[in-house]
Amino acid sequence: MEDASISESEVMLRAKYISATIVDKSGLDGCGFLVALADGSNLEVFNLPDSVKKDQLKVWIKYIPDAGASSICMAGKIVKLTDLKLRSK
């Protein structure tokens, strides 16, 4: 049983999730929705569900790099999501 005093962030970080924000970069040539990380880098997610394509949506993600993929956008590392959960804050 989880301790009620443990925050959502602590639980998710222990489970190896990364805090991120969905951002609309459709103003950049060839781009759409990207995932912004706290360190300022972006991820191009080729399997981002339509249901989370909302600018500034806070999420928790797990992903793997996709070395074989290419992109017109070229605004971040291309990855495949393995899991995504909405953040409460």
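Where is Lys16 found?

1. **Ground rules.** This is a predicted model, with pLDDT of at least 70 needed for local features and 80 or more for side-chain atom pairs, while totals for chains, interfaces and linings use all residues. Numbering starts from 1 along each chain as its sequence is written, and side-chain values use heavy atoms, with hydrogens and water left out.

2. **Lys16.** To take up the opening question, Lys16 is found in the loop between helix H1 (8-14) and E1. Helices (H or I, at least four residues) and strands (E, at least two) are DSSP runs, numbered from the N terminus. Phi of Lys16 is near 70°, a positive value in a residue other than glycine. Lys16 counts as exposed because its relative accessible area is 64%; the cut-offs are under 20% for buried, over 50% for exposed and in between for partly exposed (1.4 Å probe, protein chains only).

3. **Overall layout.** The protein chain has 1 helix and 5 strands, in the order α-β-β-β-β-β from the N terminus on. Its C-alpha trace spans about 45 × 25 × 25 Å along the principal axes. Of the 89 residues, 27% are buried. Taking contacts (heavy atoms within 4.5 Å) between residues at least 6 apart in sequence, 59% join residues at least 24 apart.

4. **Strand pairing around E1.** E1 runs antiparallel to E4, with 5 bridges joining them, and E1 and E2 are likewise antiparallel, joined by 5 bridges. For pairing, DSSP has to find at least two bridges between two strands. Ala20 is a handy landmark: Val59 stands opposite Ala20 in E4, and Leu37 is the bridge partner of Ala20 in E2.

5. **The cores.** A nonpolar core here is a set of buried Ala, Val, Leu, Ile, Met, Phe, Trp, Tyr and Cys residues joined through side-chain atoms within 4.5 Å. The largest one has 12 residues, including Ala20, Leu37, Val59 and Leu81. Two or more of its residues come from each of E1, strand E2 (33-37), strand E3 (42-45), strand E4 (57-65) and strand E5 (77-86). Apart from it lies another core of 5 residues, among them Val23, Leu34, Ala36 and Cys73.

6. **Thr21.** Thr21 sits in strand E1 (residues 18-24). It is classed as buried because its relative accessible area is 12%. The Thr21 side chain makes a polar contact with that of Lys58 at 3.5 Å. That term covers a pair of N or O atoms within 3.5 Å; within protein, one must be able to donate a hydrogen and the other to accept it, and residues adjacent in sequence count only if both atoms are side-chain atoms. Beyond four places in sequence, the residues Thr21 touches include Leu34, Ala36, Gln56 and Arg87.

7. **Arg87 and Trp60.** Arg87 lies over the face of Trp60, 5.9 Å from the ring centre. The test asks for NZ of Lys or CZ of Arg within 6 Å of the ring centre and within 35 degrees of the ring normal.

8. Gly76, in the loop between E4 and E5, is partly exposed at 29%. Gly76 touches Asn42 and Glu44, not counting residues up to four places away in sequence.
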